[in-house]
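I opened the model and kept notes as I went. The entries below follow the order in which I looked things up.

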Amino acid sequence: MVYTVTLNPALDCFLNCPGFSPGRDNRYGECRFLPGGKGVNVSLLLNSLGMPSVALGMAAGFTGRELVELLEAEGCPADFVFLSAGHTRINVKIGAAGQEETGLNGGGPAMGWEALSPLREKLSRLAPGDILVLAGSLPRGLSAFTYARLMEGLPLGVKTVVDTTGQALKEAVKARPFLVKPNLEELGELFGVQLKKGEEALPYAQKLLKWGAENVIVSMGSQGAVLAGAGKEVLTRQAVPGTQVSPVGAGDSLVAGFLYGWQKTGSLAQALDWGMAAGAATAFREGIADGAQVKGLYEKLRAFITTNFS
């Protein structure tokens, strides 16, 4: 079973607003609310692919209740701990066909380590062979050691995946996760350098291996992705050709696709192929792709590789 933890989830509000202009009144047409947050996105896609996943995390207020209802309506089991105060944040995405998207992301409710006690109890019941994905930003009030502390309290035999940034990522890597997935910008920020070209990513990904990560995937948008493994594996992938509609959730989908491919094949190379297909399938639409779209794109990619490189 794959469990995901999203400590700072969101309702993603997509507004179709042609000709959006800051500083004046704008009218929008369609408004859609979708469950959001990095771990939430991973669970949504895994369930759609047919790989059982439970979304865990922290929620609050009427927006938190709506988040859980939307997840369950999508067929994704949700087991969130509800805070006694505050509201789950709303992230507003403003755009229209052919327009660059504008995002307004909320901060979410504050909480302390003690608020995570019910969640830690749930995590203590995980079983060997389970996978735990810790993803997203940390809420106000939690330290950069939060993910590392959650990992240290897990039963033996649970594999962990971490997708976060900054000091929280640095501390989590020391707890020896199975996989971490920064993007190119996040990787550069972690080491205090500016990375612009894909070939610059590998030396820094390998530094994360030395810190304790078993595998590192660096997602690089139009430059594709690179994977560095503890067994000295180095895999590179070009970006999947297509028209990007929204980048929201593409990196999370890559993680979900990778885990699906890993469970299905046990091969890092094939898992990365699945991850690339999943990330692209989400980038080519609004919202998280469904399993059928990912599988269809994966088959097209495999057919292209076989035809052109066999």
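I began with cysteine 76, which is buried at 1% relative accessibility (buried means under 20% relative accessible area, exposed over 50%, partly exposed in between, with a 1.4 Å probe and protein chains only). Cysteine 13 is buried too, with a relative accessible area of 7%. I then searched the whole structure for disulfides and found zero, a disulfide being a pair of cysteine sulfur atoms within 2.5 Å. For cysteine 13, which is in no disulfide, the nearest cysteine sulfur is that of cysteine 31, 3.6 Å away.

A note on the source: this is a predicted model, in which local features need pLDDT of at least 70 and side-chain atom pairs count only at pLDDT 80 or more, while totals for chains, interfaces and linings use all residues. Residues are numbered from 1 along each chain as its sequence is written, and side-chain values use heavy atoms, with hydrogens and water left out.

**Helix 2**

I looked next at helix 2, residues 61-73. Helices (H or I, at least four residues) and strands (E, at least two) are DSSP runs, numbered from the N terminus. Helix 2 has 13 residues and spans 19 Å from first C-alpha to last, close to the 18 Å expected at 1.5 Å a residue; the expected span is 1.5 Å times one less than the number of residues.

Which residues of helix 2 are buried? I listed Gly61, Thr63, Gly64, Leu67, Val68, Leu70 and Leu71. Seen down the axis of helix 2, these buried residues fall within an arc of 165°, so they line one face of the helix; the arc is that of the directions from the helix axis to the C-beta atoms. On the face turned away from the buried side I found the exposed residues Phe62 and Ala73.

I checked what the buried residues of helix 2 pack against, and the partners include strand 2 (10-16), strand 3 (31-36) and helix 1 (38-49). Strand 4 (53-59), strand 5 (78-82) and strand 6 (89-95) are also among them. Contact here means heavy atoms within 4.5 Å. Just after helix 2, glycine 75 takes a positive phi of about 80°.

**Tyrosine 147**

I moved to tyrosine 147, in helix 4 (residues 146-152). Is tyrosine 147 buried or exposed? Tyrosine 147 is buried, with a relative accessible area of 0%. Leaving out residues up to four places away in sequence, tyrosine 147 touches Leu7, Leu134, Ala135, Gly136, Ser137, Leu138, Thr164 and Ala172.

**Helices 5, 6 and 7**

Ala172 turned up again in helix 5 (residues 166-173), where the buried residues are Ala168, Leu169, Glu171, Ala172 and Val173. Their cover includes helix 4, strand 9 (159-163), strand 10 (179-180), helix 6 (184-191) and helix 7 (201-211).

In helix 6, six of the eight residues are buried, so helix 6 is largely enclosed by the rest of the structure. I noted them as Leu184, Glu186, Leu187, Gly188, Leu190 and Phe191. They pack against helix 5, helix 7 and strand 11 (215-219).

I then took the pair of helix 6 and helix 7, which pack at an angle of about 65° with their axes 10 Å apart. Axes are lines fitted to C-alpha atoms, for helices over the stretch in contact, and angles run from 0 to 180 degrees between N-to-C directions. The crossing of helix 6 and helix 7 is left-handed (left-handed if the near helix is turned anticlockwise from the far one by less than a right angle, right-handed if clockwise). Leu184, Leu187, Leu190 and Phe191 of helix 6 meet residues of helix 7 including Tyr204, Leu208 and Trp211.

**Helices 8 and 9**

For helix 8 (residues 250-265) and helix 9 (residues 268-283), I noted a packing angle of about 145° and axes 6 Å apart. Their crossing is right-handed. Aspartate 252 sits in helix 8 and is buried at 4% relative accessibility. Beyond its neighbours within four places in sequence, aspartate 252 contacts Gly37, Lys38, Asn41, Val42 and Asp163.

**Positive phi in two loops**

Last, I looked up arginine 176, which has a positive phi of about 60° although it is not a glycine. Arginine 176 lies in the loop between helix 5 and strand 10 and is exposed, at 62% relative accessible area. Lysine 232, also not a glycine, has a positive phi near 70°. Lysine 232 is in the loop between strand 12 (225-229) and strand 13 (234-237), and is exposed, at 78% relative accessible area.
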